[in-house]
Amino acid sequence: LKEIHRVLKPGGRAIISTPNKKMTLTRNPWHVREYFAPELEGLCKSIFSKVEANGIAGNDKVMDYHERNRQSVKKITRFDLFNLQYRLPAPLLRIPYEFLNRVNRNKLDQDDNALVKSITVADYFVNDNAAESLDLYYTLEK
C-alpha cells in the first residue's frame, strides 16, 4: 500500500481487491495474507487521504453456492485434526489444497449442476457493506 501511495500522483486513485477473511472457507496457500474489512480499512486510512470501502457480494444464488461450498469444505477439513492447514508452509499445502479443492468443486457441480451453471457475473455486485461481502473492494485516493 505504501508503494501504491508513493507512485500515485496527488489526487490519483487506486482500486484494490482481496478476499474477505470473514468469508474464507479455509487457508488458501496462494494468499500471503487475508484481511478482515475493518483491519484493511484501518491500514488503508493510515496511508491514504481518502478511502472508499466496498465489497463484492453475491445474490441469493451465489450465497447458496457459497454456503454449500462451506459445508463441503467442513466435511474435508474435519480430518485436519492437528490443524495442519495453518501449520504447514504454503508450498507444501498447495498440492493437497489444489487436489481437494478440485474434488470439492466437482462434487458440488455433480450435486447441483443447475445452480453451478446458472451463476454468472450478473449475480455479483458492488456492496457498500464490505464486512459482509465475499471480497473487499476499496478505492484509495492520494
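These legends go with a few close-up views of the structure above. It is a predicted model, in which local features need pLDDT of at least 70 and side-chain atom pairs count only at pLDDT 80 or more, while totals for chains, interfaces and linings use all residues. Residues are numbered from 1 along each chain as its sequence is written, and side-chain values use heavy atoms, with hydrogens and water left out.

**View 1. Strand β2 and its two partners.** Helices (H or I, at least four residues) and strands (E, at least two) are DSSP runs, numbered from the N terminus, and two strands pair if DSSP finds at least two bridges between them. Strand β2 (residues 50–58) runs antiparallel to strand β4 (residues 135–141), with 7 bridges joining the two. Look for Lys50, which sits opposite Glu141 of β4. Strand β3 (residues 124–127) is also antiparallel to β2, and here 4 bridges make the link. In this pairing, Ala57 faces Phe125 of β3.

**View 2. Helix α3 and its buried face.** With 18 residues, α3 reaches 25 Å from its first C-alpha to its last, close to the 26 Å expected at 1.5 Å a residue (the expected span is 1.5 Å times one less than the number of residues). Its buried residues are Val62, Tyr65, His66, Asn69, Ser72 and Val73; buried means under 20% relative accessible area, exposed over 50% and partly exposed in between, with a 1.4 Å probe and protein chains only. Seen down the helix axis, those buried residues fall within an arc of 130 degrees, so they line one face of α3; the arc is that of the directions from the axis to the C-beta atoms. Asp60 and Lys75, on the other side, are exposed. Cover for the buried residues includes β2, α4, α5 (113–118) and β3.

**View 3. The start of α3.** Here a side-chain oxygen of Asn59 comes to within 3.1 Å of the backbone nitrogen of Lys61.

View 4. Ser72 belongs to helix α3 (residues 60–77). Why does Ser72 count as buried? Because its relative accessible area is 15%. Leaving aside residues up to four places away in sequence, Ser72 touches Asn104 and Leu108, where contact means heavy atoms within 4.5 Å.

**View 5. Phe82 in its loop.** Phe82 lies in the loop between α3 and α4 (90–111). This residue counts as exposed because its relative accessibility is 63%. Pro38 is 44 residues from Phe82 along the chain, and 30 Å separates their C-alpha atoms.

Key. A polar contact is a pair of N or O atoms within 3.5 Å; within protein, one must be able to donate a hydrogen and the other to accept it, and residues adjacent in sequence count only if both atoms are side-chain atoms.
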